[in-house]
Amino acid sequence: MKLVASLIVTLLFFWWAFQDADWESQLSVLKSANYAWVVPYFGILTLIHVARTLRWGCLLSGMERVPFGKLNEASGIGFMMLLVLPFRLGEFARPLLIAQRSSIRRSAAMTSVVLERITDGMFVAVMMRLLLFFVPTNVPGMRYVKLGANLMFAGFGGLLVFLLFALWHQERAVRLVRSTVGRVVPALADKVADVVDTFVGAMRQLPGPRQMVGFFLYTLLYWGLNGAGMAVLSRAFGALSLTLFQAYVLNCVLVVGIMIPAAPGMLGTFHAAIKVGLSLFLPASVVNSSGLAYANVLWLCQTLQQVGFGLLLMNAGHQSFKDIAGKLNKEQQASSLPSA
């Protein structure tokens, strides 16, 4: 049922994104594009991967300083699994892989991944709200973009506040979870409470101030490179060429869009988000031709980079995709079983 639901979401967003597409113009744009710009974009994607990996290493350093080779292997394979596996099952890949390469427990490593997600969510939500002050309010799609930004800020902000409260009053937070979740889903109350208890305990192993400063600097570099890279690739499509400001707004809209659960590879939600973001600056005729051509190439480049790095590192580490995916599936099934 989950698979069918994710495929339906993908098809709906794919249909919406391409329903007004000018296929003839889009094909012409793809044929005439200057693909020399793909080379520097792949270079930026490589820097993004390195920044993302080193950032994770800063968080893990409170538990163990993992050598870059092992850290890079776990990151590259984990990012690939996140992209290609359904139901965001790949979120568990990095904790599993780093636990195999260090003394760090999977639960503690999972805490670092969750903290990354919260930081990224808050960073993008705040940046998006600030950037939207400089975008005309009467452009198509602005209402939905603002709604997405507000929901993202409320969701990640609320989660951050709860975690800070739990870090301060761990026992109260656990009791609160048991009393609230217990009223809705009694069978899961103890399990969720145990997860919160374990998570907060792992948060106390966060690194010192120096490493946390490094984590936030790498976060700035990571998101800075993302927006800059999207601007660079847009140069391949002539009239579409985006400014840095437009590229950063587009990147924020894309992040909100791909948070919607869909089939592996972010197909549909990725293209729909790019279409909405471009419509803030460009007329519909450009968005439905050059814009969608750009969305296709952008998606393909990011997918090839993540999958390519993952396969290379998997081969170098003599890992099996089937073995990792099987372990992740068993882990998810075990975690979804209610407590006895």
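**Figure 1. His-318 is an exposed residue in a loop.** With a relative accessible area of 74%, His-318 counts as exposed, because the label goes to anything over 50%, while buried means under 20% and partly exposed lies in between (1.4 Å probe, protein chains only). You'll find His-318 in the loop between α13 (284–316) and α14 (321–336). Helices here are DSSP runs (H or I, at least four residues), as are strands (E, at least two), numbered from the N terminus. The phi of His-318 is near 55 degrees, a positive value in a residue other than glycine. Bear in mind that this is a predicted model, where local features need pLDDT of at least 70 and side-chain atom pairs count only at pLDDT 80 or more, while totals for chains, interfaces and linings use all residues. Residues are numbered from 1 along each chain as its sequence is written, and side-chain values use heavy atoms, with hydrogens and water left out.

**Figure 2. Met-266 has a positive phi too.** Met-266 isn't a glycine, yet its phi is positive, at about 60 degrees. Look for Met-266 in the loop between α11 and α12 (269–278). Its relative accessibility is 21%, so Met-266 counts as partly exposed.

**Figure 3. Helix α10 meets helix α11.** Helix α10 (residues 209–234) and helix α11 (residues 244–258) pack at an angle of about 115 degrees, and their axes are 8 Å apart. Axes are lines fitted to C-alpha atoms, for helices over the stretch in contact, and angles run from 0 to 180 degrees between N-to-C directions. That angle makes α10 roughly perpendicular to α11; the label covers 65 to 115 degrees, whereas under 35 is roughly parallel, over 145 roughly antiparallel and the rest oblique. On the α10 side, the contact residues include Trp-223, Asn-226 and Met-230, and on the α11 side they include Tyr-248, Asn-251 and Leu-254. Contact means heavy atoms within 4.5 Å. Sorted by class, the contact of α10 with α11 has 10 nonpolar residues, 4 polar and no charged. Nonpolar covers Ala, Val, Leu, Ile, Met, Phe, Trp, Tyr, Cys and Pro; charged covers Asp, Glu, Lys and Arg; the others, Gly among them, are polar.

Figure 4. Asn-251 belongs to helix α11, and its relative accessible area is 3%, so Asn-251 is buried. Skip residues up to four places away in sequence, and Asn-251 touches Trp-223, Asn-226, Gly-227 and Met-230.

**Figure 5. Helices α4 and α5 cross.** The axes of helix α4 (residues 68–84) and helix α5 (residues 93–101) come within 8 Å and cross at roughly 155 degrees. The two helices are therefore roughly antiparallel to each other. Among the residues that meet here are Lys-70, Glu-73 and Phe-79 in α4, and Arg-94, Leu-97 and Arg-101 in α5. By class, the contact of α4 with α5 has 8 nonpolar, 2 polar and 4 charged residues.

**Figure 6. Ala-193 is a buried residue in helix α9.** Ala-193 lies in helix α9 (residues 186–203), and at a relative accessible area of 0% Ala-193 is buried. Leaving aside neighbours within four places in sequence, Ala-193 is in contact with Val-174, Val-177 and Arg-178. Ala-21, by contrast, is 48 Å from Ala-193 in space, C-alpha to C-alpha, and 172 residues apart in sequence.
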